[in-house]
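Subject: Structure for you to look over

Hello,

Here is the structure I promised to pass on. Please open it next to these notes.

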Amino acid sequence: ADYHAARSDVMNPESFDNCLEGGDVEKGKQIFFTHLAGQCVRCHKYERKGPGSVIGPNLWKIGENGPEYLLEALVAPQKTIAKGYGTLTITRKDGTTVSGVLVSENKKGVTVNDSTTGKDVSIPAKDIKNKGDAISVMPPMGAILKRGELRDLVAYLETLRER
């Protein structure tokens, strides 16, 4: 019971430490491309300039980061969001809001690609009342995939390296 309790947090990479080694690369590739709930290719590219989607970051050399990074990105996608992929909401002092993907941020203000118009909106720092934290649109895969599937997917993602 203690063993299972320690492994029950679907958003804690430490709960999945048994998914860091082994795994079947071919099965992981199938999960990446065809798994009904997973299908990473629906949101990610996997080659430098090849097929896939641009909803999420391009994974063409993600394997260079190592299995711990890969597992964390799969299980706890909220922990580290790739620049340009987190959605956030900014409330201006006049009460209006802008939601979208963070484009840039500095002490002068924030630029967001507005999700309703598709256009970049720059908001001066003096006009910002509240800026929420960026949110990843990627679901926590520990809640979707079985442990063996996660292990296989990590094994496949490790093969995505600059060639």
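**Helix packing**

The buried residues of helix 3 pack against helix 4. Buried means under 20% relative accessible area; exposed is over 50%, and partly exposed is in between (1.4 Å probe, protein chains only). Packing rests on contacts, meaning heavy atoms within 4.5 Å. Helices (H or I, at least four residues) and strands (E, at least two) are DSSP runs, numbered from the N terminus.

A word on the source. This is a predicted model, with residues numbered from 1 along each chain as its sequence is written. Local features need pLDDT of at least 70, side-chain atom pairs count only at pLDDT 80 or more, totals for chains, interfaces and linings use all residues, and side-chain values use heavy atoms, with hydrogens and water left out.

Back to the helices. In helix 3, the buried residues are Pro-67, Leu-70, Leu-71, Glu-72, Leu-74 and Val-75. Helix 4 (147–157) has Leu-150, Asp-152, Leu-153, Val-154, Ala-155, Tyr-156 and Leu-157 buried.

Helix 2 (25–34) buries Gly-28, Ile-31 and Phe-32. Seen down the helix axis, these fall within an arc of 100 degrees, so they line one face of helix 2. The arc is taken from the directions from the helix axis to the C-beta atoms. Asp-24 caps the N-terminal end of helix 2. One of its side-chain oxygens lies 2.9 Å from the backbone nitrogen of Glu-26.

**The chain overall**

The protein chain has 4 helices and 5 strands. From the N terminus, they run α-α-α-β-β-β-β-β-α. The C-alpha trace spans about 55 × 45 × 25 Å along its principal axes. Of the 163 residues, 33% count as buried.

**The loop between helix 2 and helix 3**

Two residues here deserve a look. Gln-39 lies in this loop. Its phi is near 35 degrees, a positive value in a residue other than glycine. Most residues other than glycine have a negative phi.

Ile-62 is in the loop too. Ile-62 counts as buried, at 15% relative accessibility. Beyond its neighbours within four places in sequence, Ile-62 is in contact with Tyr-69, Leu-70, Leu-157 and Leu-160. Ile-62 and Arg-161 are 99 residues apart in sequence, yet 6.4 Å apart in space, C-alpha to C-alpha.

**Ser-99**

Ser-99 sits in strand 2 (residues 97–106). Ser-99 is partly exposed, with a relative accessible area of 26%. Leaving aside neighbours within four places in sequence, its contacts include Leu-88, Thr-89 and Val-112. The side chains of Ser-99 and Thr-89 make a polar contact (2.8 Å). That term means a pair of N or O atoms within 3.5 Å; within protein, one must be able to donate a hydrogen and the other to accept it, and residues adjacent in sequence count only if both atoms are side-chain atoms.

**The largest pocket**

The largest pocket holds about 640 Å³ of space. Of the 29 residues lining the pocket, His-44, Pro-57, Ala-73, Pro-77 and Met-138 are the closest to its centre. Helix 3 (residues 67–75) gives the most to the lining, with 5 residues.

A pocket is an open set of points on a 1 Å grid over the protein atoms alone, where a 1.4 Å probe fits, with protein on both sides within 12 Å along at least five of seven lines; lining residues have an atom within 4 Å of a point. Volume is the space filled by probe spheres set on the points, which are joined across faces, edges and corners.

Best wishes
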